[in-house]
Amino acid sequence: MDNNALTEIREAVSRLCATFPPEYWRETDRERRYPAEFVRALTEAGYLSCLIPEEYGGSGLGLTAAAAILEEIQASGANGAACHAQMYIMGTLLRHGSPAQKLKYLPAIAAGRLRLQAFGVTEPTAGTDTTSIRTVAVRRGDKYLVNGQKVWTSRAEHSDLMLLLARTTPREQVKKRTEGMSVFLVDMKAALGRGLSIRPIRTMINHATTEVFLEDLEVPAENLIGEEGKGFRYILDGMNAERILIGAECIGDARWFIARATQYARERSVFGRPIGQNQGVQFPIARAYMASEAAALMVARAAALYESGAPAGKEANMAKQLAAEASWQAADMCLQTHGGYGFAEEYDIERKFRETRLYQIAPISTNLVLSYLAEHVLGLPRSY
Ligand SMILES: Cc1cc2nc3c(=O)[nH]c(=O)nc-3n(C[C@H](O)[C@H](O)[C@H](O)COP(=O)(O)OP(=O)(O)OC[C@H]3O[C@@H](n4cnc5c(N)ncnc54)[C@H](O)[C@@H]3O)c2cc1C
């Protein structure tokens, strides 16, 4: 995609976001209410189906365009976390689903009739150690019987389908612990109250995250994606896309914080001159800017690599981490630049500050990115 087309997308997203003023985000945050109107507007404009190929009704754009969309959403002050997963969770279905599954679901997802934005991987006891998950799916004729529990399953109450990772062969019976797990598409609306229950978790941000309980849940065998036992591999390549897109969101956040801090530093006058005239105020803004520009280059590189089909694990992890650190640096700087006013809800800084902090924990925490680089890129001994 050429730069002009990308600029047009960015401008259009920015115009759409401008119709949702800061008061909207303050109110939804205060009430921990799902921003359904915003999600509907993005869906209707076709942005959430940008990665779905045209043959299935999407716009068939690449990850660079998706990253630009999410970056603009965050840079406008909005919170794309309410719906970003609708863009990328379907990637597992697209890459590993059967032709029949793709035909059944992708056009409906592209049209916004079906929401596939819940991703059930994390569990209370396994934590980051995904291969220790305890949710099991046992084949019974033409169905699987699923039992277990997921935690931090975001948007579960606002999704029609969930991509679920479960063990189909016990860990002791597989050669490699990454084997023996499978992914399923769960029809959540049909399953609710019939083996599936959802409990919201109230958090420091408005994220619609939940606990999901699975008790003798019947999932038709035709909802297994790809081959049984290969689920871990299937979700891994989707995770790279997720990390790159989250990186882009962090760049958008950093841009928002830097713009707000710069404006305030110009306008706020103390001791008879703008605070931004002091190097003690200027330099942290300049540093945050530098860090975010450097991280943006890594996000762009990772997105281009992913789009070309080349391995992008290293770059996806570095992009997410550098961007999350840059957005946090910018958040802290922005709060400091605003002095006491940064704490006032009406300035929106405290909200964005809370929201952007998430990305050093999810979708993967800082230490795990560092361990990945140390072990798999630098060849150091595995530490865990
Ligand atoms: C708001 C929110 C939304 C989320 N949404 C989803 C979702 O939709 N779907 C989903 O599946 N998950 C989701 N998650 C889960 C998220 O991916 C996990 O929280 C994250 O991967 C960390 O796992 P954990 O919380 O179990 O931390 P743990 O694994 O318990 O780790 C705790 C801390 O210990 C560190 N640590 C652990 N092991 C090591 C080690 N070997 N070396 C060094 N440090 C280590 C970690 O880095 C971390 O800082 C979400 C989380 C949050 C908070």
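Which domains does the domain assignment of the chain give? It gives domain 1 (3-111), domain 2 (116-229) and domain 3 (233-377). These bounds come from an automatic or database domain assignment. This is a predicted model: local features need pLDDT of at least 70, side-chain atom pairs count only at pLDDT 80 or more, and totals for chains, interfaces and linings use all residues. Residues are numbered from 1 along each chain as its sequence is written.

**Domain 1 against domain 2**

- The C-alpha centres of domain 1 and domain 2 lie 24 Å apart.
- Domain 1 brings 17 residues to the contact, and domain 2 brings 14 residues. Two residues are in contact if their C-beta atoms, placed from the backbone, lie within 7 Å.
- On the side of domain 1 that touches domain 2, at least two residues come from each of α2 (22-31), α5 (84-88), α6 (90-96) and α7 (99-111). Helices (H or I, at least four residues) and strands (E, at least two) are DSSP runs, numbered from the N terminus.
- α6 supplies the largest share of that side, 4 residues.
- That side of domain 1 divides into 9 nonpolar, 6 polar and 2 charged residues. Ala, Val, Leu, Ile, Met, Phe, Trp, Tyr, Cys and Pro count as nonpolar; Asp, Glu, Lys and Arg count as charged; the others, Gly among them, count as polar.

**Around the ligand**

- The ligand is surrounded by 22 residues, and the closest are G127, T128, S365, N367 and Y384. A residue is near a molecule or strand if its C-beta atom, placed from the backbone, lies within 6 Å of it.
- Domain 2 and domain 3 each give at least three residues to this shell.
- β1 (116-120) and α13 (366-377) each supply at least two residues of the shell. α13 gives the most, with 3 residues.
- The shell holds 10 nonpolar residues, 12 polar residues and no charged ones.

- The largest nonpolar core has 114 residues, and A66, F184, I244 and V299 touch the most other members. Such a core is a set of buried Ala, Val, Leu, Ile, Met, Phe, Trp, Tyr and Cys residues joined through C-beta atoms within 7 Å.
- α9 gives the most to this core, with 18 residues.
- A66 is in contact with C50, L51, L61, M87 and L245, leaving aside its neighbours within four places in sequence.
- α9 (residues 231-267) has 37 residues and reaches 54 Å from its first C-alpha to its last, close to the 54 Å expected at 1.5 Å a residue. The expected span is 1.5 Å times one less than the number of residues.
- Of the 37 residues of α9, 29 are buried, so α9 is largely enclosed by the rest of the structure. A residue is buried if 20 or more other C-beta atoms lie within 10 Å of its own, exposed if 12 or fewer, and partly exposed in between; C-beta atoms are placed from the backbone.

**T168, a buried loop residue**

- T168 sits in the loop between β4 (161-167) and β5 (181-187).
- T168 counts as buried because it has 22 C-beta neighbours inside 10 Å.
- T168 and S182 are 14 residues apart in sequence, yet 6.3 Å apart in space, C-alpha to C-alpha.
- Apart from neighbours within four places in sequence, T168 is in contact with A137, G180, M181, S182, E228 and G229.

- α11 (313-337) has 25 residues, and 19 of them are buried, so α11 is largely enclosed by the rest of the structure.
- Just after α11, G339 has a positive phi of about 55°.
- G379 follows α13, and its phi is positive, near 75°.

- Most residues other than glycine have a negative phi, and most peptide bonds are trans.
- R32 is not a glycine, but its phi is positive, about 50°. R32 is in the loop between α2 and α3 (36-44). R32 is partly exposed, with 13 other C-beta atoms within 10 Å.
- D348 is not a glycine either, and its phi is positive, about 70°. D348 lies in the loop between α11 and α12. With 18 C-beta neighbours inside 10 Å, D348 counts as partly exposed.
- The peptide bond from A362 to P363 is cis, with omega near 0°. P363 lies in the loop between α12 (349-357) and α13.
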